[in-house]
Amino acid sequence: MLYVSHIIGKGRGVLTSKKIERETVIERCPVIVIDADQVNHLKDTELNNYYFCWGKNQESAAIALGLGSIYNHSYTPNAIYRPCLEEQVLEIVAIKKILPNEEITFNYNGTPNDHSPLWGNDQIDWVV
């Protein structure tokens with residue numbers, strides 16, 4: 001039911017072919033955990049745009065497999081991401097009803113109502 005498509009002005013994004021009800025787990029993405037002492041190395045790579053903060057104190061990083069690192073950011077998201085540290089899984093969960101062929105987005109800041117700028121740029125409402 002999930003598919004990747006080109007989103008005008010954004011690049012790739014994740015969409016659904018079927019309606020998704022609120023509170024539905026959309027995807028459980030296994031992650032590759034990157035130790036805290038290696039996180040700074042990501043900053044000089046393309047992976048800098050795709051990792052999630054990870055760990056009890058968010059000292060590490062994680063690269064989500066599956067479609068996990070393809071979902072776009074929005075300050076008005078229809079989903080959230082939930083780190084499951086012990087399972088090393090990132091859950092994507094609907095916070096609103098999502099209609100067929102609608103893009104699934106979440107707020108990269110972690111909570112739906114956090115309007116903090118991303119990477120120092122408050123004009124960004126998405127990231128490819």
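**Entry 1: the pocket**

I began with open space and found that the largest pocket holds about 490 Å³. I worked on a 1 Å grid over the protein atoms alone, where a pocket is an open set of points with protein on both sides within 12 Å along at least five of seven lines, whereas a cavity is a set where a 1.4 Å probe fits but cannot get out. Grid points are joined across faces, edges and corners, and the volume is the space filled by probe spheres set on the points.

A note on the source: this is a predicted model, in which local features need pLDDT of at least 70 and side-chain atom pairs count only at pLDDT 80 or more, while totals for chains, interfaces and linings use all residues. Residues are numbered from 1 along each chain as its sequence is written, and side-chain values use heavy atoms, with hydrogens and water left out.

Next I asked which residues line the largest pocket. There are 20 of them, and Tyr51, Phe52, Cys53, Tyr81 and Tyr108 lie nearest the centre; to count as lining, a residue needs an atom within 4 Å of a point. Sorted by class, I have 12 nonpolar, seven polar and one charged residues. My classes are these: Ala, Val, Leu, Ile, Met, Phe, Trp, Tyr, Cys and Pro are nonpolar, Asp, Glu, Lys and Arg are charged, and the others, Gly among them, are polar.

Strand S4 (51–54) and strand S7 (79–84) each supply at least two residues of this lining, and S4 gives the most, with three. Strands here are DSSP runs (E, at least two residues), numbered from the N terminus.

**Entry 2: the sheet**

I then followed those two strands into their sheet. S4 and S7 belong to an open sheet of five strands, in the order S4-S5-S3-S8-S7, with antiparallel pairing. S4 and S7 are its edge strands, each pairing on one side only. From one strand to the next the twist averages 35°, taken between lines fitted to C-alpha atoms, with angles from 0 to 180 degrees between N-to-C directions. I count two strands as paired if DSSP finds at least two bridges between them.

I went along the sheet pair by pair:

- S4 and S5 are antiparallel over four bridges, and Cys53 stands opposite Ala61 in S5. These two strands make a hairpin with five residues between them, and Gly55 in the turn has a positive phi of about 105°.
- S3 (residues 25–34) and S5 (residues 60–64) are also antiparallel over four bridges. Val31 has Ala64 as its bridge partner in S5, and Ile34 stands opposite Ala61 in S5.
- S3 and S8 (residues 89–94) run antiparallel and are joined by five bridges; Arg28 has Glu91 as its bridge partner in S8.

**Entry 3: the aromatic rings**

How many aromatic pairs does the structure hold? I found five, where rings of Phe, Tyr and Trp (its six-membered ring) pair if their centres lie within 6.5 Å, and planes under 30 degrees apart count as stacked, over 60 as edge-to-face and the rest as tilted. Phe52 and Tyr81 have ring centres 5.0 Å apart and planes at 70°, so I noted this pair as edge-to-face. Phe52 lies in S4 and Tyr81 in S7, so the pair ties together parts 29 residues apart in sequence. Phe52 and Tyr81 are both buried, which I take as under 20% relative accessible area, with exposed as over 50% and partly exposed in between (1.4 Å probe, protein chains only).

The rings of Phe106 and Tyr108 have centres 5.8 Å apart and planes at 50°, so this pair is tilted. Phe106 and Tyr108 are buried too. Phe52, Tyr71, Tyr81, Phe106 and Tyr108 form one aromatic cluster.

Is Lys18 buried or exposed? Lys18, in the loop between strand S2 (11–16) and S3, counts as exposed at 53% relative accessibility. Its C-alpha is 9.1 Å from that of Glu102, 84 residues apart in sequence.

Pro100 sits in the loop between S8 and S9 and counts as partly exposed at 42%. Pro100 and Thr16 are 84 residues apart in sequence, yet 5.6 Å apart C-alpha to C-alpha.

Leu118, in the segment after strand S9 (103–106), is buried at 4% relative accessible area.
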